[in-house]
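Please consult the sequence and the structure shown below while reading.

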Amino acid sequence: MKAASIPANEEVRLNALSSYGILDTLPEEEYDSITRMATEICRTPISLVSLIDKNRQWCKSRQRLKVTETSREVSFCAHVLLNPEQLFIVPDARKDERFADNPLVTGYPNVVFYAGVPLVDQDGFALGSLCVIDSRPRTLTENQLLSLKALAKLVTTHFELRRTRQELAETRQALADARNKSETATRSSTA
């Protein structure tokens with residue numbers, strides 16, 4: 001088994017991932033809808049929205065997979081980070097020297113086929129992947145690949161909206177705090 005290399009921009013990439021405040025959050029319907037669509041479009045039993053942090057792969061959404069995270073060392077999705085402008089496809093992991101003895105191949109969930117689309121934010125950082133997985137070798141059609149790319153873009157759009165909502169809430173709170181401070185100062189000076 002060959003673990004994925006660490007990207008050259010890893011520290012900045014991890015800061016970008018952290019800025020979304022999404023790691024270790026509860027499931028959300030918008031992401032679950034996307035993984036359901038990916039599973040249906042690609043006719044695979046498993047699909048994930050996974051994020052790669054310093055030591056692990058964490059699943060924001062998953063279809064038909066019991067675990068919510070794996071070590072980064074065994075993660076297929078960690079390989080996606082290395083070429084954020086390309087899909088990462090493994091037609092048969094049992095025949096691929098990088099994965100043949102990977103515990104995710106030799107044991108649960110018996111990964112044979114893997115296709116992952118990088119989740120790239122607006123600043124160009126690969127945060128993780130939208131992937132589909134099967135326990136048998138296969139390929140995807142051009143239309144399936146195009147659909148996966150479109151769904152991955154939708155995931156990153158939801159990430160951006162999430163961060164914008166958080167920033168807006170922080171700005172509103174700062175304005176409310178400043179207003180209260182100003183009103184308190186005004187009352188104190190007139191008393």
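## An annotated region

UniProt positions are given in the numbering used here, feature names are shortened, and annotations may be inferred rather than shown by experiment. The model itself is predicted. In an unreviewed entry, UniProt assigns the feature "coiled-coil region" to residues 161-188. In the model, residues 161-188 are 100% helix and 0% strand.

## T156 in helix 5

Helix 5 covers residues 142-190, and T156 is found in this helix. Is T156 buried or exposed? Its relative accessible area is 3%. A residue counts as buried under 20%, so T156 is buried. When residues up to four places away in sequence are set aside, T156 touches L119 and V120.

## F125 in a loop

F125 belongs to the loop that lies between strand 5 (113-120) and strand 6 (126-134). With a relative accessibility of 15%, F125 counts as buried.

Which residues does F125 contact, apart from its neighbours within four places in sequence? They are N9, V12, R13, A16, L119 and V120. L119 and V120 are also the residues that T156 touches. Along the chain, F125 and R56 are 69 residues apart, and their C-alpha atoms are separated by 17 Å.

## D53 in a loop

The loop between strand 1 (46-52) and strand 2 (56-63) contains D53. D53 is buried, because its relative accessible area of 14% is under 20%.

Beyond residues up to four places away in sequence, D53 touches R13, L14, L17, L23 and R72. R13 is also one of the residues in contact with F125. The side chain of D53 makes a polar contact of 2.7 Å with the side chain of R56. D53 and L127 are 74 residues apart along the chain, while the separation of their C-alpha atoms is 8.1 Å.

Rolling a probe the size of a water molecule over the atoms shows where empty space is left. How many cavities of 30 Å³ or more does the structure hold? The structure holds one. About 110 Å³ of space lies in the largest cavity. Its lining consists of 14 residues, and those closest to its centre are L48, Q57, L104, V111 and I133.

What classes of residue make up this lining? Eleven of the lining residues are nonpolar and three are polar, while none is charged.

Note on methods. Residues are numbered from 1 along each chain as its sequence is written. This is a predicted model: local features need pLDDT of at least 70, side-chain atom pairs count only at pLDDT 80 or more; totals for chains, interfaces and linings use all residues. Side-chain values use heavy atoms; hydrogens and water are left out. Helices (H or I, at least four residues) and strands (E, at least two) are DSSP runs, numbered from the N terminus. Buried means under 20% relative accessible area, exposed over 50%, partly exposed in between (1.4 Å probe, protein chains only). Contact means heavy atoms within 4.5 Å. A polar contact is a pair of N or O atoms within 3.5 Å; within protein, one must be able to donate a hydrogen and the other to accept it, and residues adjacent in sequence count only if both atoms are side-chain atoms. On a 1 Å grid over the protein atoms alone, a cavity is a set of points where a 1.4 Å probe fits but cannot get out, and a pocket is an open set with protein on both sides within 12 Å along at least five of seven lines; lining residues have an atom within 4 Å of a point. Grid points are joined across faces, edges and corners, and a volume is the space filled by probe spheres set on the points. Ala, Val, Leu, Ile, Met, Phe, Trp, Tyr, Cys and Pro count as nonpolar, Asp, Glu, Lys and Arg as charged, and the others, Gly among them, as polar.
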